[in-house]
Amino acid sequence: DLVDSKTPSPFHDIRVRKAVDQAIEREIICEKVLFGATEPWGDVISPLTAGYDPSLKPPAYDPEGAKKLLAEAGYPDGFQTEINTPPDNPFVDAVVASLDDIGIQVKINKYEAGAFFQAYFQKKLRGLVPFAGWYGAEVSAPADLSDMYLRESAHCYHTTDEIDALIKKGYYAQTDKELAKYGRELSRKIRESRITVMLW
């Protein structure tokens, strides 16, 4: 919903996005749904990327805290939304169940893969959209994150002016120290904006 600022949406309120972040039971999903093949993720960037911080953890699973945030945002009884996904996405049902526990009722829209990506690239999807945060685990965070957070990229569904500008500036980093600085800064900006909920 963030790509459409003219149509009212609960997700325009960062407290709602924080509530979603706290509501998802990452540990259980990683263990039971994804069979231990992955782990809850706190940083935005990969371990191979300059600036990665292994001490970062995702928000603790806190459904009561999430309900409180929803109430503060004006949604004490939750609200209805949708999640749009290609077929055979193994974790969507579990994410939806986590959100249902805090009062966010989510309709699942399953698309044939080609139809999903056509709607994705045309920015026609609303509600929630699962996607990768990075693809190739590059050393350069600006290069790695440009796929998903640089406005001109076909894969970028939504970004902020600040994140977009920081990626472009980071392209000119000349030392490992500068690359690490941009990695940390981009990670912080993306995490603070809550435009993406990092899962695993």
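S140 sits in the loop between α5 (113-121) and α6. It counts as buried because its relative accessibility is 17%; buried means under 20% relative accessible area, exposed over 50%, and partly exposed in between, with a 1.4 Å probe and protein chains only.

Please note the basis of what I say. This is a predicted model, in which local features need pLDDT of at least 70 and side-chain atom pairs count only at pLDDT 80 or more, while totals for chains, interfaces and linings use all residues. Residues are numbered from 1 along each chain as its sequence is written, and side-chain values use heavy atoms, with hydrogens and water left out.

Now to the overall architecture. Starting at the N terminus, the order of elements is α-α-α-β-α-β-α-α-α-α. The radius of gyration is 17 Å, close to the 16 Å that the globule rule gives for 200 residues, so the protein is as compact as a globular protein of that length. That radius is taken over C-alpha atoms, and the rule is 2.2 Å times the number of residues to the power 0.38. The C-alpha trace spans about 50 × 35 × 35 Å along its principal axes.

Of the 200 residues, 48% are buried. Among contacts between residues at least 6 apart in sequence, 68% join residues at least 24 apart. The protein exposes about 10500 Å², and carbon and sulfur atoms supply 52% of that area, by the Shrake-Rupley method with a 1.4 Å probe, where for residues only the protein chains shown count as cover.

Let me turn to the helices on either side of this region. How many of the nine residues of α6 are buried? Seven of the nine are, so α6 is largely enclosed by the rest of the structure. They are A141, P142, D144, L145, S146, M148 and Y149, and the buried residues of α6 pack against α5, α7 and α8.

Helix α8 covers residues 176-193; at 1.5 Å a residue its 18 residues should span 26 Å, and its end C-alpha atoms are 26 Å apart, which agrees. The expected span is 1.5 Å times one less than the number of residues. Its buried residues are L179, A180, Y182, G183, L186, S187, K189, I190 and S193. As a general point, an α-helix has 3.6 residues a turn, so residues three or four places apart point the same way. The buried residues of α8 pack against α1 (14-23), α6 (141-149) and α7 (161-170).

Just after α8, R194 takes a positive phi of about 55°, and R194 is a residue other than glycine. K123, also not a glycine, has a positive phi of about 55°; K123 lies in the loop between α5 and α6 and counts as partly exposed at 30% relative accessibility.

Finally, G114 lies in helix α5 and is partly exposed, with a relative accessible area of 41%.

Methods: Helices (H or I, at least four residues) and strands (E, at least two) are DSSP runs, numbered from the N terminus. Contact means heavy atoms within 4.5 Å.
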